[in-house]
Amino acid sequence: MTVVNWKDYGSNDPELIKEFEETYNVEIEHQYMASEEELLTKVRTSSAGSLDVILPNASILPVAIEENLLEEIDTSKLSNYDKIYEPFKHLPENVKDGKVYAVPWVWGSTAIAYNPDKVKDPIDSVQVFWDEKYKGRIAFRDDFNDAVMIAALALGQDPNAPSDLEAIKQKLIEQKGYNLTYWKTGDEFSKLYAGNMIDIGLMWSGQTAAMKKEGQNIKYVIPKEGAIGWVDNWAIVKGSENVDLAHKFIDYMIDRKFQEAWVNKGGPAPVNSEASANLDPEFIKEMGLDESSIDKLKFISYRSDEVKKQWNELWQEVKAH
């Protein structure tokens with residue numbers, strides 16, 4: 001069975017996948033993607049039956065469903081589906097005409113990470129990225145989607161449908177003056193933090209949790225204005241010759257046992273509510289991995305190519321300013 005995923009992202013961990021392979025006497029082969037757009041192209045151009053399970057998110061799901069690239073998922077075959085947090089069962093991008101085409105697997109947020117040794121004031125607002133006190137000690141993510149959404153939150157606009165892009169551009173140009181650098185990869189952020197170059201950053205919940213587990217003193221907060229939420233989902237490719245096995249694989253991925261094991265290795269937040277109940281409550285709360293955090297998030301919704309182009313051009317103008 002062939003699975004397409006990000007490299008080193010849970011499903012290809014030999015320890016975590018061993019039980020599934022032994023139970024069903026199957027070897028999981030992986031192909032890796034560098035972006036969601038690449039994944040979409042891969043599914044469009046693959047020969048029938050060559051791919052089985054993929055990991056799409058909201059940015060490509062509606063297109064994949066519209067183009068009939070995905071099999072409908074029979075949730076009655078998933079013994080763990082009912083354990084998924086309720087909000088994740090109703091993501092608009094995963095369903096069409098009452099039919100489910102994608103099953104949530106892990107989720108997380110993009111919010112504020114900071115060094116409690118250096119930042120003594122309570123942090124509760126996204127406006128910290130524009131705070132004179134931390135000028136030159138901030139790292140902002142180099143990503144047009146995150147940038148526009150965070151600026152929209154700071155301006156009180158809807159982050160998925162901002163009403164004033166010019167105001168957002170000016171807000172981001174202003175932020176640039178407080179920024180030490182824009183980071184592209186989690187590893188880059190981690191090195192800046194460990195090297196004592198930054199005190200505050202726009203960062204992912206999962207990366208922050210992993211850094212904390214590695215022994216770094218770092219805190220994470222979802223601000224009062226809300227934060228960016230994302231969900232990675234499993235889907236079955238149309239024409240797969242292993243549809244039943246694919247359902248079993250997805251069920252295994254959302255099982256409490258797998259989800260707990262992966263979080264304990266530094267993976268993202270589990271969608272299985274039973275998994276969260278068995279993890280260190282203090283760690284879960286601080287890293288924003290609990291159910292109450294879900295309600296504070298503005299989950300990334302589908303963007304048309306036109307909107308993506310518009311936002312990306314805005315971001316390039318900000319960086320060039």
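**Salt bridges and a buried helix**

Glu317 is partly exposed, having a relative accessible area of 41%. It belongs to a predicted model, and a search through the whole structure turns up 20 salt bridges. Let's look at some of these pairs, and then at helix H7.

- The side chain of Glu317 meets that of Lys169 in a salt bridge, with 2.6 Å from N to O.
- This pair links distant parts of the chain: Glu317 sits in helix H13 and Lys169 in helix H5 (residues 165–176), 148 residues apart.
- Lys169 has a relative accessibility of 16%, so it counts as buried, because the cut-off for buried is under 20%.
- A salt bridge also joins the side chains of Lys319 and Asp142, at 2.9 Å from N to O.
- Lys319 is in helix H13 (residues 305–320), while Asp142 is in the loop between strand S7 (138–141) and helix H4 (144–154), so their pairing ties together parts that lie 177 residues apart in sequence.
- Lys319 is partly exposed at 26% relative accessibility, whereas Asp142, at 17%, counts as buried.

**Arg44 and its surroundings**

- You will find Arg44 in helix H2 (residues 36–45).
- Arg44 forms a salt bridge with Glu67, and the closest N and O atoms are 2.7 Å apart.
- Here too, distant parts of the chain are linked: Arg44 is in helix H2, and Glu67 is in the loop between helix H3 (61–66) and strand S4 (95–96), 23 residues apart.
- Arg44 is partly exposed, with a relative accessible area of 43%, and Glu67 is partly exposed as well, at 37%.
- Leaving aside residues up to four places away in sequence, Arg44 touches Val63, Glu67 and Leu69.
- The C-alpha atoms of Arg44 and Asn68 are separated by 9.9 Å, and these two residues are 24 residues apart along the chain.

**A salt-bridge network**

- Salt bridges link Asp13, Glu15 and Lys265 in a network.

**Helix H7**

- Helix H7 covers residues 205–213, and its buried residues are Ser205, Gly206, Thr208, Ala209, Ala210 and Met211.
- Just after H7 comes Gly215, which takes a positive phi of about 105 degrees.
- A handy rule when you look at any helix: an α-helix has 3.6 residues a turn, so residues three or four places apart point the same way.

How values were computed: Residues are numbered from 1 along each chain as its sequence is written. This is a predicted model: local features need pLDDT of at least 70, side-chain atom pairs count only at pLDDT 80 or more; totals for chains, interfaces and linings use all residues. Side-chain values use heavy atoms; hydrogens and water are left out. Buried means under 20% relative accessible area, exposed over 50%, partly exposed in between (1.4 Å probe, protein chains only). Helices (H or I, at least four residues) and strands (E, at least two) are DSSP runs, numbered from the N terminus. Contact means heavy atoms within 4.5 Å. A salt bridge is a side-chain nitrogen of Lys or Arg within 4 Å of a carboxyl oxygen of Asp or Glu.
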